[in-house]
Amino acid sequence: MKKLILTLVAALGLAAGAVHAAGANTIAWDKAPNKTNDLASLQNGAKVFVNYCLSCHSAAFMRFNRLRDIGLTEQQIKDNLLFTTEKVGETMKASIDPKQAKDWFGANPPDLTVIARSRAGHGGTGADYLYTFLRTFYRDETKATGWNNLVFPNVGMPHVLWELQGDRRPVFEAQESHGQTTQVFKGWQQVTPGTMTPLEFDQTIGDLVNYLQWMGEPAQNTRVRVGVWVLIFLGIFTVIAWRLNAAFWKDVK
């Protein structure tokens, strides 16, 4: 019994140390703008996705013609977003060869169809994770890609949007905690400017994340809208049923 208690205490101590160590190397997720009903935002997000993400990442469960749901015509899709195929009814497949991708990045880039739904955690929603991840790349010459990320350390993905954001470096501050020195993230130092201002870049990433969130469940807004009307109907029907019940039983003692 004593051995069992000592083992449990040791395990709890190791777990606490692991949690502390993990917390020292992560940052809080920023809140993503939830605008999946904003057609202009979704259209811009789709454009960013096709131009910057679809080269390596597929969205194999999404067809190009489904973009009509966000206000685009079939001709607009063909003229502006159809780069990897000639048929508007085809799925969004990456243009990169999977074998080459594995050689270059160490693994085949994941499919992004439901990425916003699969990345939720204790830090927030999947959209919050993506919004923070895409905005926290920094230059790291020790990595094969030349880039690293605060949310996903040692990530194999390069910063494909660096020309828009510019070159930044994180600023850390050493702090003593529980007898250990940890590096705490304090902010960013802009090394070279990008083609966008920080506000414009954040808005662009917000649009991209909105699109990724919408792509994970295109019928979400319709489902919510129908659900609200169903609840209103049930509320009204409950009142009617209650009054009818009172009327039917008023003479029964």
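How many helices and strands does the chain have? There are nine helices and six strands. Keep in mind that this is a predicted model.

**The chain as a whole**

Of the 253 residues in the chain, 32% count as buried. If you look at contacts with a separation of 6 or more, 63% of them are between residues 24 or more positions apart.

**The β5–β6 hairpin**

Let's start with the strands. β5 covers residues 166-177 and β6 covers residues 180-193, and the two pair in the antiparallel sense over twelve bridges. Together they form a hairpin with two residues between the strands. To find your way along the pairing, look for F172, which stands opposite F185 in β6, and for Q175, whose bridge partner in β6 is T182.

In the turn, H178 has a positive phi of about 55 degrees. Most residues other than glycine have a negative phi. N154 is another residue with a positive value, with phi near 65 degrees. N154 sits in the loop between β4 (147-149) and α7 (162-165). Its relative accessibility is 53%, so N154 counts as exposed.

**T113, a buried loop residue**

Is T113 buried or exposed? T113 is buried, because its relative accessible area of 4% falls under the 20% cut-off. You'll find T113 in the loop between α4 (98-105) and α5 (115-118). The side chain of T113 has a polar atom 3.3 Å from the backbone nitrogen of A60, and the T113 side chain also reaches the backbone nitrogen of F61 at 3.3 Å. Setting aside residues up to four places away in sequence, T113 touches S58, A59, A60, F61 and M62, along with L212, M215 and G216.

**P33 and what it touches**

P33 is in the loop between α1 (2-24) and α2 (39-53). With 26% relative accessibility, P33 counts as partly exposed. Beyond its neighbours within four places in sequence, P33 is in contact with Y131, G206 and N210. Take Y131: it is 98 residues from P33 in sequence, yet the two C-alpha atoms are 8.6 Å apart in space.

**Salt bridges**

Side chains of opposite charge can pair when their charged atoms come close. The salt-bridge count for this model comes to nine. Here are some of them:

| Pair | N to O distance |
|---|---|
| D30 and R135 | 2.9 Å |
| D69 and R66 | 2.4 Å |
| E74 and K78 | 3.9 Å |

D30 and R135 form a salt bridge with their closest N and O atoms 2.9 Å apart. This pair links distant parts of the chain, 105 residues apart: D30 is in the loop between α1 and α2, while R135 is in the loop between α6 (126-133) and β3 (137-139). D30 is partly exposed at a relative accessible area of 32%, whereas R135 is buried at 13%. The pair also belongs to a network of salt bridges that links D30, R135 and D202.

For D69 and R66, both ends are partly exposed: D69 has a relative accessible area of 45%, and R66 has a relative accessibility of 34%.

E74 and K78 make their pair within a helix. Both lie in α3 (residues 74-80), four residues apart, or about one turn of the helix. E74 is partly exposed, with a relative accessible area of 33%, and K78 is partly exposed too, with 39%.

Which residues make the nonpolar surface patch of about 1100 Å²? The patch is made by V224, V228, W229, I232, I236, I240, L244, F248, W249 and V252. One of these, V228, lies in helix α9 (residues 220-248).

Methods:
Residues numbered from 1 in each chain as written. Predicted model: local features only at pLDDT ≥ 70, side-chain atom pairs only at ≥ 80, totals over all residues. Heavy atoms only, no water. Buried < 20%, exposed > 50% of the residue type's maximum accessible area, 1.4 Å probe, protein only. Polar contact = N/O pair within 3.5 Å; in protein donor to acceptor, adjacent residues only side chain to side chain. Contact = heavy atoms within 4.5 Å. Pairing = 2+ DSSP bridges. Patch = residues over 30% accessible without salt bridge, like charges linked within 9 Å, V, L, I, M, F, W, Y side chains within 5 Å. Areas by Shrake-Rupley, 256 points an atom, 1.4 Å probe, with all protein chains shown as cover. Salt bridge = Lys/Arg side-chain N within 4 Å of Asp/Glu carboxyl O.
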